[in-house]
Amino acid sequence: MKSLRSWFTGRAAVIGVPYVWLLLFFLLPFLIVMKISVSEMETVNFKDLITLKDGVLQLALRFGNYVFITEDDLYFKTYLSSLKYAAVTTVLCLFIGYPFAYFMARAKATVQPALLMLVMLPFWTSFLLRVYAWKGLLSEHGWAYDFITATRLDLALAAGGLIPAPGQLMNTPFSLVLGMTYTYLPFMILPLYSNLAKMDLRLLEAATDLGATAWVAFWKITVPLSKAGIIAGSMLVFIPCVGEFVIPELLGGPQTLMIGRVMWDEFFSNNDWPMASTVAVVMVLLIIVPLAIFSKYQAEAQEARK
Amino acid sequence: MNPRLFGKAWLSLGYLFLYLPIAALVLYSFNDSPVPNLWRGFTLKWYEKLASDTEMLVGFWLSLKIAFITACTSVIMGTLAAFALVKYKRFTGRTLFSGMVNAPLVMPEVIVGLSLLLMLVSVQRALGFPERGMMTIWLGHLLLGMAYATVVVQARLNDLNPQLEEAAMDLGARPWQVFMLVTLPMIAQALLSAWLLTFTLSLDDVVLSAFLSGPGATTMPLVIFSRARLGLNPSVNAVATLIVLVVSIGVVAASLMIARNERKRALEMAEAARN
């Protein structure tokens with residue numbers, strides 16, 4: 001009987017401690033942000049949402065910020081361009097990362113741990129410093145700058161509207177997308193690799209026996225089977241990119257609008273906390289669907305391992 | 001084109017892309033030139049300057065302290081959360097729980113930072129504490145570190161053979177003893193990886209620290225970020241080189257140790273099976 005009771009208390013502690021912690025420091029703060037986004041800013045304090053006036057409870061919600069966001073062109077454009085840059089980055093990461101993970105997973109079993117570690121290693125070294133490194137590479141005299149101008153790739157980039165003029169690479173949509181692709185590429189490669197490495201290769205043999213070419217077998221078998229990895233990788237890239245702040249700040253320049261930066265400025269430069277909160281709430285609304293897909297996938301992946 | 005050759009070429013170009021910036025950072029930290037990315041000859045003067053750079057050194061010490069506390073607490077909380085998710089398949093609000101554990105992995109940090117700060121400000125207005133500083137930065141880092149630690153530990157727990165724990169329980173071990181004597185040794189490596197991962201995450205974080213730091217609590221990434229914003233700065237390259245050096249040594253040493261332990265355990269298992 002005693003051991004039974006100690007099991008129950010053990011269970012309560014194991015679940016309860018992290019649960020309560022997350023409710024207090026993850027969920028509750030977000031509810032407070034939602035509250036502040038509809039509060040009026042007084043000189044120091046926020047007005048209480050509910051006040052007792054003449055014996056009547058009064059609820060003062062102020063949706064002015066939300067109205068402002070939907071009416072103001074700049075916010076709308078910023079949200080749109082954040083989604084656009086995040087989507088472009090995701091597609092690029094998939095384009096580079098899928099073949100990369102595929103060839104990793106099909107490499108000799110003895111070299112795979114080393115290949116995997118080489119992908120993880122940059123991920124362990126400072127993200128901030130690796131983003132900073134691109135500042136040097138893309139400015140005049142930098143290696144990437146010299147390479148791109150020498151090969152005349154900058155003419156193509158300028159024609160595509162990614163840089164304003166040939167020879168100007170830093171502080172452009174190009175440098176922003178390059179920096180985000182670089183930073184988030186390992187997040188795409190790792191789930192894809194673990195998915196592709198598990199694949200049953202006999203399926204491909206069967207397809208070949210039945211007359212499929214390697215190319216057809218790849219598109220009809222390998223790609224559909226790796227769907228879960230593609231989804232996980234894409235969400236791991238797309239969602240944080242939408243709200244990215246450090247990369248646009250260091251590489252983006254003033255013309256590339258990103259919502260994370262706008263929120264930062266509302267908060268730190270304008271000190272407008274309700275506005276910053278409103279921007280944050282709308283940002284969460286933008287990513288809520290990808291977020292749900294991600295957390296469903298993550299839960300399924302963990303349960304399915306057994 | 002031959003697919004094998006194409007594969008090798010793609011991998012090589014990919015690794016080049018991943019490592020080029022790091023190579024540039026290291027190389028140009030030895031550059032004796034006022035233009036930080038124009039090579040003019042070898043020097044160690046940026047490292048000498050770093051030794052007397054009080055702002056950076058103070059920030060480094062603070063970051064180290066926060067990273068250490070974050071890593072320890074993240075591993076504890078992450079292990080608890082991973083246990084809850086792996087061992088208990090049904091309890092009230094499990095979906096919400098797993099959602100809250102996973103969300104910080106992808107949630108833009110500006111949102112997490114802003115919401116935590118606004119809550120702390122409300123609490124401070126009501127109770128008079130906490131002051132913003134090391135404590136509040138740790139709170140933010142813990143939220144992020146806990147999520148990563150949970151994923152790492154959960155993956156390992158899922159791979160464990162539950163029969164080992166059941167056997168210990170049948171032999172009369174208490175749940176606590178089962179954990180200490182059976183489970184813990186088997187997940188020790190995952191705990192070590194989780195510790196190292198959360199340590200480096202905390203040591204590197206800019207956004208959460210910027211929201212949650214107070215006057216006098218400027219971490220190293222905040223110092224680096226404020227200099228990097230203004231332009232290229234050789235002192236940043238010197239710091240980067242030192243970090244790359246320490247991390248590479250640490251990761252290589254840890255993985256060698258893990259490989260050695262795994263061999264040792266495999267040998268012991270084979271030995272036990274023979275007897």
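A: Read from the N terminus, its elements go α-α-α-α-α-α-α-α-α-α-α. This is a predicted model, by the way, so everything here is computed from predicted coordinates. Along the principal axes, the C-alpha atoms of chain B fill a box of roughly 70 × 65 × 40 Å. Of its 275 residues, 42% count as buried. If you take the contacts in chain B between residues at least 6 apart in sequence, 78% of them join residues at least 24 apart.

Now for the helix itself. Helix 3 of chain B covers residues 54–87, and it packs with helix 8 of chain B at an angle of about 140 degrees, the two axes being 8 Å apart. The pair therefore counts as oblique, since the roughly antiparallel label is kept for angles over 145 degrees. The crossing of helix 3 and helix 8 of chain B is right-handed.

Who meets whom here? From helix 3 of chain B come B:Ser63, B:Ile66, B:Ala67, B:Thr70, B:Ala71, B:Ser74, B:Val75, B:Gly78 and B:Thr79. Facing them from helix 8 of chain B are B:Leu191, B:Ala194, B:Trp195, B:Thr198, B:Phe199, B:Ser202 and B:Leu203. By class, the residues of this contact divide into nine nonpolar, seven polar and no charged.

Helix 3 of chain B also packs with helix 10 of chain B (residues 220–230), at an angle of about 140 degrees and with the axes 7 Å apart. Helix 3 and helix 10 of chain B are therefore oblique to each other as well. On the helix 3 side, the contact is made by B:Glu55, B:Met56, B:Gly59, B:Phe60 and B:Ser63, and on the helix 10 side by B:Met220, B:Pro221, B:Leu222 and B:Val223. That contact has six nonpolar, two polar and one charged residues. B:Ser63 is worth a glance, as it belongs to the contact with helix 8 and also to the contact with helix 10.

Back to helix 8 for a moment, and to one residue in it. B:Leu201 lies in helix 8 of chain B, which runs over residues 175–204. B:Leu201 counts as buried because it has 22 C-beta neighbours inside 10 Å, where the cut-off is 20 or more. Setting aside neighbours within four places in sequence, B:Leu201 touches B:Leu144, B:Gly145 and B:Tyr148. For a sense of scale, B:Leu201 and B:Thr43 sit 158 residues apart in sequence, with 31 Å between their C-alpha atoms.

And the partner chain? Chain A has 14 helices and two strands, and 43% of its 306 residues count as buried. Of the contacts in chain A with a separation of 6 or more, 67% are between residues 24 or more positions apart.

The contact between the chains takes 77 residues from chain A and 68 residues from chain B. On the chain A side, the elements that give two or more residues include helix 1 (2–37), helix 3 (73–105), helix 11 (227–242) and helix 14 (273–304) of chain A. Helix 1 of chain A gives the most, with 21 residues. The chain A side divides into 55 nonpolar, 15 polar and seven charged residues.

Within chain A, the domain assignment gives domain 1 (2–59) and domain 2 (72–304). Six residues of domain 1 are in contact with six residues of domain 2, and the domain 1 side of that contact has four nonpolar, two polar and no charged residues.

Helix 13 of chain A is mostly covered, with eight of its ten residues buried; among them are A:Trp264, A:Arg261 and A:Glu266. A:His141 isn't a glycine, yet it has a positive phi of about 80 degrees. A:His141 is in the loop between helix 5 and helix 6 of chain A, and it counts as partly exposed because it has 14 C-beta neighbours inside 10 Å. A:Asn171, also not a glycine, has a positive phi of about 55 degrees. The loop between helix 7 and helix 8 of chain A holds A:Asn171, which is buried, with 21 other C-beta atoms within 10 Å.

Key: Residues are numbered from 1 along each chain as its sequence is written. Chains are lettered from A and ligands numbered from 1 in the order in which they are written. This is a predicted model: local features need pLDDT of at least 70, side-chain atom pairs count only at pLDDT 80 or more; totals for chains, interfaces and linings use all residues. Helices (H or I, at least four residues) and strands (E, at least two) are DSSP runs, numbered from the N terminus. A residue is buried if 20 or more other C-beta atoms lie within 10 Å of its own, exposed if 12 or fewer, and partly exposed in between; C-beta atoms are placed from the backbone. Two residues are in contact if their C-beta atoms, placed from the backbone, lie within 7 Å. Ala, Val, Leu, Ile, Met, Phe, Trp, Tyr, Cys and Pro count as nonpolar, Asp, Glu, Lys and Arg as charged, and the others, Gly among them, as polar. Domain bounds come from an automatic or database domain assignment. Axes are lines fitted to C-alpha atoms, for helices over the stretch in contact, and angles run from 0 to 180 degrees between N-to-C directions. Angles under 35 degrees count as roughly parallel, over 145 as roughly antiparallel, 65 to 115 as roughly perpendicular and the rest as oblique. A crossing is left-handed if the near helix is turned anticlockwise from the far one by less than a right angle, and right-handed if clockwise.
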